[in-house]
Amino acid sequence: MMLRLLKHGRTPAGRLPRRWMSSGSHSKTTVMSFGDGSHGALGLPSSIIGMGSDAYEPTPIPGLPPDVISVAAGHFHSLAVTSEGHVWAWGRNNEGQLGRDPLSPRETWNEPKRVEGLHKVRVQTAFASGVISAAIGDDGSLWVWGSSKRGQLGLGKGITNTALPLKIETLSGEDIVKACCQIIWCWQVSLGWGHALALAKNGNLFGWGYYADGRIGKIGRELEISPLESNSIKPRSRGESSAIEAAEKSVMEAIEKEKDMPIIWEPGSIEELHELKVADVACGLDHSLVLCRDGMLFSGGSNVYGQLGRAIKDLGMQPVDINFLPLSIASGLGHSLAVCNDRSSEPTGNATSVVSWGWNKSSQLGREGPDNTPQVVEGLIGESPVSVSGGRAHSLALTAKKELWAWGCGRNGRLGLGSSADEAEPMLVEYLEGSDVIQAVAGLDHSLVLVSE
């Protein structure tokens, strides 16, 4: 069932009049979703879109509290955190990533429900991957739940699943406190397909999970090349749909061939970055970005689509070839995004642009030019972007005016523009006219926005 089409939903970025929005404080919030509904990640009842159907425009999710402060989109599930420190989850639950029994009725997975087992901590923010979920408490503790045979839980050797949230004790151990001279306080976590990065308050970075291709840097052992890297080939299919399917098939075939996977079962410090303080992290499917406080940007992992943005082919964390000053970063399945200041100008806080590189089969880079070289998305020049998010083959940008822009693959309505058409350049999501967008995040094939009223 397709929701109503947007009358002006295809207006390019550079041709729109500027719209100023209220900057006032709002206590009440609404979570909206759009895109692929086949896994229940939209959180919408069948009475609105039909069972397992897609939403082509931002649609309010019923059943959530009115005080949600942040949202997270996994591959096929979603999370929301309230001002009371509670976590709500909905979507795919095959691996227990919703924090409820995987044997619970599948038809109820699209209903947002509060995650049990977090009563000992007041959650500040949450994160999601394809198979697990994570939450950070106000005491800096990191909690995880779900199932991952690649060690993404970080709970210790051989621990591959947990039905209820468990605390990662390694990050609050005595040795870590002594080494850092202060309590570890994780403020930022990013999750890939099977790897994870956690940033401590003091700027130290920890990684764990699937170790191949240097996607989490070097942690006490030699780096190895994954069958995913050596077996992957850029899809050359004509259609966007067949190209994505070819890429997925290649990934899944390589995963099945993996034997004795190189896994780091517990969080460890990343050796290449010992002397640096980290400001932000972002994990794609099988690559990672690390932004340091001095503006240096590093990448590691697979470079099949040029998503590392560098000529250096060495494994591990190496500098990205970027001519801009990154402020924040994000990773899609095979592409990378950054909000940047131009190095040639003084940072003003508003003179920002989006820079992209990597996989561009569905125009998720939002620009023309070399895929493997970080370059500016010209369609957002002058719009003052403050954050970006990447999905399987689409991208989102939130601006200082609290507007949302989307581009790339439009399949299943994941751009929120009222159609399934791809967009080669950023488009304003006009359905959100009159709302202040606080946050926008992309799952693989769906998107979530948090708006204040």
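The side chain of S299 makes a polar contact with the side chain of R310 at 3.0 Å, a polar contact being a pair of N or O atoms within 3.5 Å in which, within protein, one atom must be able to donate a hydrogen and the other to accept it, while residues adjacent in sequence count only if both atoms are side-chain atoms. This is a predicted model, in which local features need pLDDT of at least 70 and side-chain atom pairs count only at pLDDT 80 or more, whereas totals for chains, interfaces and linings use all residues. Residues are numbered from 1 along each chain as its sequence is written, and side-chain values use heavy atoms, with hydrogens and water left out.

A polar atom of the S299 side chain also lies 2.8 Å from the backbone oxygen of L308. S299 is buried, with a relative accessible area of 0%, where buried means under 20% (1.4 Å probe, protein chains only). Leaving aside residues up to four places away in sequence, S299 touches S288, L289, L308, R310, G316, M317, Q318 and V320, contact meaning heavy atoms within 4.5 Å.

Across the chain of 453 residues, 61% count as buried. The average pLDDT, the predictor's confidence in each residue from 0 to 100, is 84, and 80% of the residues score at least 70.

Key
Buried < 20%, exposed > 50% of the residue type's maximum accessible area, 1.4 Å probe, protein only.
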